[in-house]
Amino acid sequence: MDDLGFILASWLVTLGSILLLAVATLRRAKRLARQTPDDAKPWL
Amino acid sequence: MTSTTGSATSAGNTSAGTATTGTLFTRIIGAAAIIITAWVVVSAFFITPADVQQGDSVRIMYAHVPAAWIAYLAFITTAVASGISLVRRHRTLGFDRVAGASAEVGVLFMGLALITGSLWGRLTWGTFWQWDPRLTTTLFLFVTYVGYLAVRSIDTNPQRRARRSAVLALLAVLEIPLVHFSVVLWRSLHQEASVLNPDGDVRLDDVMLFTLFSGVVAFTLIFVWLVMHRQRLAALQDAQLGAGLEAAIAMRRAETVA
């Protein structure tokens with residue numbers, strides 16, 4: 001496969017960034033949700 | 001941190017508890033997104049053929065095109081939620097949070113479209129960047145929404161924040177047609193749309209098209225999952241802020257009485 005480095009870099013940046021945002025969101029949400037009463041969480 | 005916990009519990013009453021913004025629905029969406037994304041990666045690298053003109057660099061397109069489309073979707077969602085939030089101002093802070101969350105995710109996808117497009121451009125055009133109409137308008141759109149997020153972070157009053165950012169979102173979304181049609185309106189290095197073109201003629205091989213649409217589905221699911229979690233995160237932040245303010249007021253009153 002030609003230009004594998006560029007192709008791999010594109011996919012790694014894409015999937016890595018999405019994964020980073022997802023993990024950061026879940027970690028922050030977990031921390032804040034622990035400090036917040038359940039009646040302030042309408043999704044429960 | 002401890003004091004915030006205490007104030008939130010005292011102001012909000014009842015048990016501080018379930019440490020999640022997830023539900024059964026978000027878990028199903030998340031699982032589906034992972035499975036479909038895995039299929040897209042496998043297909044992009046091992047199943048789809050190289051393009052006659054672009055060669056193997058076309059494999060970047062299966063990430064680049066869905067990222068750009070989902071960024072458009074995110075910004076349109078931001079505009080719609082902002083419009084609803086403006087019209088039904090007093091009852092619907094939830095729509096403002098959806099608008100903000102959607103813009104955050106849109107900025108991520110737009111940034112990814114710019115980066116992957118730049119890498120593809122290096123292979124196809126021989127340069128990472130050109131001040132070409134499509135690239136320039138896309139960068140302008142990206143910067144506009146970074147500015148939108150900055151405006152959202154300025155004001156800590158949720159009602160004021162909702163009003164100001166909604167107006168900005170309704171103006172910013174007008175840039176999307178400009179970006180999309182820039183390749184038709186001006187002379188551009190960037191190719192015209194292969195799928196969403198005005199004559200409705202899809203210029204793609206079947207396997208390539210299926211992989212591209214699988215990418216769109218995967219990124220849409222990721223978008224929905226991220227927006228749901230991030231708007232709930234924003235609700236938690238607003239709840240914390242409100243609880244902190246109430247605690248500060250209560251403390252001030254106690255000092256006055258003493």
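The model is predicted, and the predictor assigns the complex an ipTM of 0.93 together with a pTM of 0.86. Within chain B the pLDDT averages 86, with 88% of the residues scoring at least 70.

Chain A contains one helix and zero strands, and its C-alpha atoms fill a box of roughly 55 × 15 × 10 Å along the principal axes. Of its 44 residues, 27% count as buried. Chain B, with 258 residues of which 40% count as buried, has eight helices and zero strands, and its pattern along the sequence reads α-α-α-α-α-α-α-α. Among the contacts in chain B between residues at least 6 apart in sequence, 79% join residues that are at least 24 apart.

Where the two chains meet, chain A contributes 31 residues and chain B contributes 40 residues. The side of chain A that touches chain B is made up, by class, of 17 nonpolar, six polar and eight charged residues.

Inside chain B, helix α8, which spans residues 206-257, passes α2(B) with the two axes coming within 8 Å and crossing at roughly 150°. Because angles over 145 degrees count as roughly antiparallel, α2(B) and α8(B) are assigned to that class. Their crossing is left-handed. The residues that meet include A33(B), I36(B), W39(B) and V40(B) in α2(B), and S214(B), A218(B), L221(B) and W225(B) in α8(B). By class, this contact has 16 nonpolar, eight polar and no charged residues.

One residue of α2(B) shows this pairing in detail. I36(B) lies in helix α2 of chain B, and its C-alpha atom is separated by 5.5 Å from that of A218(B), a residue 182 places away along the chain. Apart from neighbours within four places in sequence, I36(B) is in contact with S214(B), V217(B), A218(B) and L221(B). Is I36(B) buried or partly exposed by its count of C-beta neighbours? I36(B) has 19 such neighbours inside 10 Å and therefore counts as partly exposed, the cut-off for a buried residue being 20 or more.

The pair named at the outset joins α8(B) to helix α3 of chain B, residues 61-87, and here the axes come within 9 Å and cross at roughly 45°. On the α3(B) side the contact includes Y62(B), P66(B), W69(B), I70(B) and L73(B), while on the α8(B) side it includes L212(B), V216(B), F219(B) and F223(B). By class, the contact of α3(B) with α8(B) has 13 nonpolar, three polar and no charged residues. T211(B) and G215(B) of α8(B) are among the residues that meet α2(B), and T211(B) and G215(B) are also among those in the contact with α3(B).

Conventions
Residues numbered from 1 in each chain as written. Chains lettered and ligands numbered in written order. Predicted model: local features only at pLDDT ≥ 70, side-chain atom pairs only at ≥ 80, totals over all residues. pLDDT = per-residue confidence, 0-100. Contact = placed C-beta atoms within 7 Å. Nonpolar A, V, L, I, M, F, W, Y, C, P; charged D, E, K, R; others polar. Axes fitted to C-alpha atoms, helices over the stretch in contact; angles between N-to-C directions. Helix = DSSP H or I, 4+ residues; strand = E, 2+ residues; numbered from the N terminus. Parallel < 35°, antiparallel > 145°, perpendicular 65-115°, else oblique. Left-handed = near helix turned anticlockwise from the far one by under 90°. Buried ≥ 20, exposed ≤ 12 C-beta atoms within 10 Å, placed from the backbone.
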